[in-house]
Each structure stands twice: as C-alpha cells, then as structure tokens.
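Colleague: Please show me the model, and let us then discuss its surface.

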Amino acid sequence: MDVAERLRVLEASLLTPAVRKNAVRVAELLADEFREFGRSGTVYTKAEILSFLQEEEAFEIAMKDFVCRPVAEGVALEIGRAHV
C-alpha cells in the first residue's frame, strides 16, 4: 500500500463512530499541529476536535475529493471533504 492509500484508509477510519469516540486513537492519528477548517470557515485545533468528538452524536460521514500530494521527503499534504 502506498502512502496516499494508507493516508486515505486512516482518514476514512476517522469518519467512523468507533474511532471518533476513542480519544486515544484520534490523538494518535492527528498531529499536534493538526488544523481542521470547518464549513463555517472556523479553524479547529487538535485539542478542540478531541473535545468536540466526545460530545458528538454518531452520524454517517462520507469522504469526498480526497487528494494526497507528497511535498517533501516523509511529508504529504492531504486534502479532502467530509460530507454529512
């Protein structure tokens, strides 16, 4: 499995209720510098996401428009959309 496919699989796992409710697993998957851009334009930190996910009710989320591009040795940029 190449890097892009591995990242796609890991990103898809973050959309499942079992992973979203597991703060330890989410913390493992997200970098400390993680930022999420919400549909409102709000930027969320890793700590904010970990907190929000503990309060979130389960619902179906689909991943769309996933793109992964290498930017340097050992570094890739992942961009995608989550549709509720």
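Modeller: This is a predicted model, in which local features need pLDDT of at least 70 and side-chain atom pairs count only at pLDDT 80 or more, while totals for chains, interfaces and linings use all residues. Residues are numbered from 1 along each chain as its sequence is written, and side-chain values use heavy atoms, without hydrogens and water.

Colleague: Which strand gives the most to the nonpolar patch?

Modeller: Strands are DSSP runs of E with at least two residues, and helices are runs of H or I with at least four, numbered from the N terminus. At least two patch residues come from each of β3 and β4. With 3 residues, the leading contributor is β4.

Colleague: Is Val71 buried or exposed?

Modeller: Val71 belongs to strand β3. Buried means under 20% relative accessible area, exposed over 50%, and partly exposed in between. Because its relative accessible area is 54%, Val71 is exposed.

Colleague: How many residues of the lining of the largest pocket come from β4?

Modeller: A pocket is an open set of points on a 1 Å grid with protein on both sides within 12 Å along at least five of seven lines, and lining residues have an atom within 4 Å of a point. The largest pocket is lined by 35 residues. The largest share comes from β4, with 7 residues.

Key
1 Å grid on protein atoms, 1.4 Å probe; cavity = no way out; pocket = protein on both sides within 12 Å on 5 of 7 lines; lining within 4 Å. Buried < 20%, exposed > 50% of the residue type's maximum accessible area, 1.4 Å probe, protein only.
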